[in-house]
Amino acid sequence: MQRKLISSGSEFESKIGYSRAIVDGDYVFVSGTTGYDYADMSISSDVAKQTEQCIKNIEQALVAANSALKCVVRVTYILPKKSDFEQCWPMLNHYFGEIRPAATMFEAGLLDEKMKIEIQVTARVLPHS
C-alpha cells in the first residue's frame with residue numbers, strides 16, 4: 001500500500017507543513033489534533049468540549065483513511081495544565097472505554113493559548129471486506 005496523506009483543511013497544515021493523518025501500510029497515524037471546529041475555526045473555552053471536538057476531528061480523519069475509532073491502538077493526550085485532565089475523563093471513557101488503547105498523558109505548552117488539549121492517535125486500517 002502506498003502512503004496516503006489525509007488533510008482536514010486546517011490552515012495550520014499548510015503553514016507548518018504536515019498532514020492531519022498518514023496512512024502507511026496497515027496503520028493510520030493521526031497528528032496531534034486540537035478542539036478547533038474546522039467548519040468555522042471556533043474553539044470552546046471548556047476543556048471537556050474541546051476534548052469531544054478533538055475526537056470528532058480525529059474520527060473524520062480516520063474515516064477518510066478507511067479506519068475508525070474502534071481501530072485506535074495508541075493515544076497520546078497533551079494538556080498545558082495537567083490539572084484539567086480529570087475533567088476530560090468522562091468524554092475519553094465515552095469514546096475509548098470499550099476500545100482501551102494504550103495511552104500516555106503529559107503536560108506541555110500548545111501552539112495557541114486557547115488550546116486546552118491536543119490528542120494524537122495511531123490506529124489500524126479497517127480490514128478489507
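Phe 85 and Trp 89 sit four residues apart in helix 3 (residues 85-96), so about one helical turn separates them. That spacing comes from a predicted model, as does everything else described here. The rings of these two residues make an aromatic pair of the edge-to-face kind, with 6.1 Å from centre to centre and 85 degrees between the planes.

Phe 85 has another ring partner, Tyr 77. A pair of aromatic rings is described by the distance of the centres and the angle of the planes. For Tyr 77 and Phe 85 the centres are 5.4 Å apart and the planes meet at 45 degrees, so this pair counts as tilted. The angle falls between the 30 degrees below which rings are called stacked and the 60 degrees above which they are called edge-to-face. Put together, Tyr 77, Phe 85 and Trp 89 make up one aromatic cluster. Searching the whole structure turns up three aromatic pairs.

Now for the strands. Strand 4 (residues 72-79) pairs with strand 6 in the antiparallel sense, over six bridges. Within this pairing, Val 72 stands opposite Ala 123 of strand 6. Strand 6 also has strand 3 (residues 27-34) as an antiparallel partner, again over six bridges. Here Thr 33 has Ile 119 in strand 6 as its bridge partner. Five of the seven residues of strand 6 (residues 118-124) are buried, so the rest of the structure largely encloses this strand.

Zooming out, the protein chain holds three helices and six strands. Read from the N terminus, the order of the elements is β-α-β-β-α-β-α-β-β. The chain has a radius of gyration of 14 Å, close to the 14 Å that the globule rule gives for 129 residues, so it is as compact as a globular protein of that length. The C-alpha trace spans about 40 × 35 × 25 Å along its principal axes.

Of the 129 residues in the chain, 43% are buried. Among contacts between residues at least 6 apart in sequence, 70% link residues at least 24 apart.

Conventions
Residues numbered from 1 in each chain as written. Predicted model: local features only at pLDDT ≥ 70, side-chain atom pairs only at ≥ 80, totals over all residues. Heavy atoms only, no water. Phe/Tyr/Trp six-rings, centres within 6.5 Å; stacked < 30°, edge-to-face > 60°. Helix = DSSP H or I, 4+ residues; strand = E, 2+ residues; numbered from the N terminus. Buried < 20%, exposed > 50% of the residue type's maximum accessible area, 1.4 Å probe, protein only. Pairing = 2+ DSSP bridges. Rg over C-alpha atoms; globule rule 2.2 N^0.38 Å. Contact = heavy atoms within 4.5 Å.
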